[in-house]
Amino acid sequence: MKKGILLVNLGSPDSPDPKDVKTYLDEFLMDPRVIDVPFWLRSFIVRGIILNTRPKASAAAYKKIWWEEGSPLIVISESLQRKIQEQVEVPVGLAMRYGSMTIKKGLQELVDKGVEDVLLIPLYPQFAMATTETILVLAEEIRQAHFPNIKITDLPAFYNNTDYIKLLSNSIAKHLKDKPYEHLLFSYHGVPERHIRKSDITKSHCKIDGSCCATASKAHQFCYRHQCFEVTRLVVENLGLKEGTYSTSFQSRLGFDPWLQPYTDRTIERLGNQGVKNMAVVTPAFVSDCLETLEEIAMEGEEIFHEVGGDNFTTVPCLNDDQEWVDLLAKWINTWQTTEKRPV
Ligand SMILES: C=CC1=C(C)c2cc3[nH]c(cc4nc(cc5[nH]c(cc1n2)c(C)c5CCC(=O)O)C(CCC(=O)O)=C4C)c(C)c3C=C
Ligand SMILES: [Fe+2]
Ligand SMILES: [Fe+2]
């Protein structure tokens, strides 16, 4: 069976125009794995409330970070795809969960090249219902409906893979080498607490009480919170950071439900109020820089820090299309190609 790769990222609007942002947000937020309430309530919340105000505000934020070539997330993902393609023999495709670069088109392009056996790589280090799961479910639906003869194997969350942790740690060390910082904040995208409970395969482990994520459990295979804290723990171990010089927080809260805490904006505020003058932020839930890193952290986060008396605010870029990241993905692809086994 001819093999091929499909990289899948989140997606972006076609342009930073409010109309395109609205179309994109409608698809994104109407996904039952993102806003996980009954259809009638989701329609009311998304189409009746959020889409009346948010597209304008989001479009303004997108305009601040948009590049001449397009959305940073898309441009970076395309560059990553090209660089991986240079290093592996099998065809490498790229798709987005939301927006115009659909998973169906991505699979079609591979099938047109004769591919029957696909390694699907969700570009997320941690598992979440709103990211990895929604990609896998949709890809399977598309396979059954349109490409019943192909086989799809997925690359699982790689949050604790030794090579990935080394790579992330080296990237942090490299970017902060000449930028002394007193505090390193690990800011992950947030999710509603309810998502964590829904993904708990034991149905009883995740209590979000501060200790469950540190207690071994089968639930952790699908626990976004555990996986985020593990990334922090492993990187801290790798870099030899001292207690009190780093923290973990969760950003991008939407709506009124409780989301994972502590929240990033309040953490930045607290650190500044406690007298931290130089801080750095790394965002390991994202492998490509995007609205959430370039605007919410690098712009809004910096503004908050300065307002509470902070001086230097540094952000560590995502792995993006760094050669070491390309090499690691190519290594995983080659392992799958030769052993037929999931590489992580
Ligand atoms: C209920 C809402 C949302 C959940 C749950 C959620 C989870 C989640 N998202 C990412 C990664 C990204 N999200 C991005 C943008 C974005 N996210 C939400 C909402 C939820 N995300 C919205 C409404 C938006 C759009 C922008 C805005 O209006 O604020 C992006 C950036 C996309 C880009 O084009 O640059 C990324 C990436 C993860 C990893 C995650 C759960 C773990
Ligand atoms: Fe998001
Ligand atoms: Fe947990």
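Begin by selecting Leu184, whose bridge partner in strand E7 is Ala280. The model is a predicted one, in which local features need pLDDT of at least 70 and side-chain atom pairs count only at pLDDT 80 or more, while totals for chains, interfaces and linings use all residues. Residues are numbered from 1 along each chain as its sequence is written, and chains are lettered from A and ligands numbered from 1 in the order in which they are written.

Now widen the selection to strand E5 (residues 183-189) and strand E7 (residues 278-282), which run parallel and are joined by four bridges. Strands (E, at least two residues) and helices (H or I, at least four) are DSSP runs numbered from the N terminus, and two strands pair if DSSP finds at least two bridges between them.

Then colour by domain, with bounds from an automatic or database domain assignment: domain 1 is 3-158 + 323-339 and domain 2 is 162-315. Where the two meet, 22 residues of domain 1 are in contact with 23 residues of domain 2, contact meaning that the C-beta atoms, placed from the backbone, lie within 7 Å.

Move on to the open sheet of four parallel-paired strands in the order E2-E1-E3-E4. Within that sheet, select Asp117, which stands opposite Lys151 in E4.

Finish at ligand 1, where Ser12, Ser58, Ala128, Cys290 and Leu291 come nearest of the 23 residues around it; a residue is near a molecule if its C-beta atom, placed from the backbone, lies within 6 Å of it. The shell around ligand 1 draws at least three residues from each of domain 1 and domain 2, and its residues divide into 15 nonpolar, six polar and two charged.

Notes
Ala, Val, Leu, Ile, Met, Phe, Trp, Tyr, Cys and Pro count as nonpolar, Asp, Glu, Lys and Arg as charged, and the others, Gly among them, as polar.
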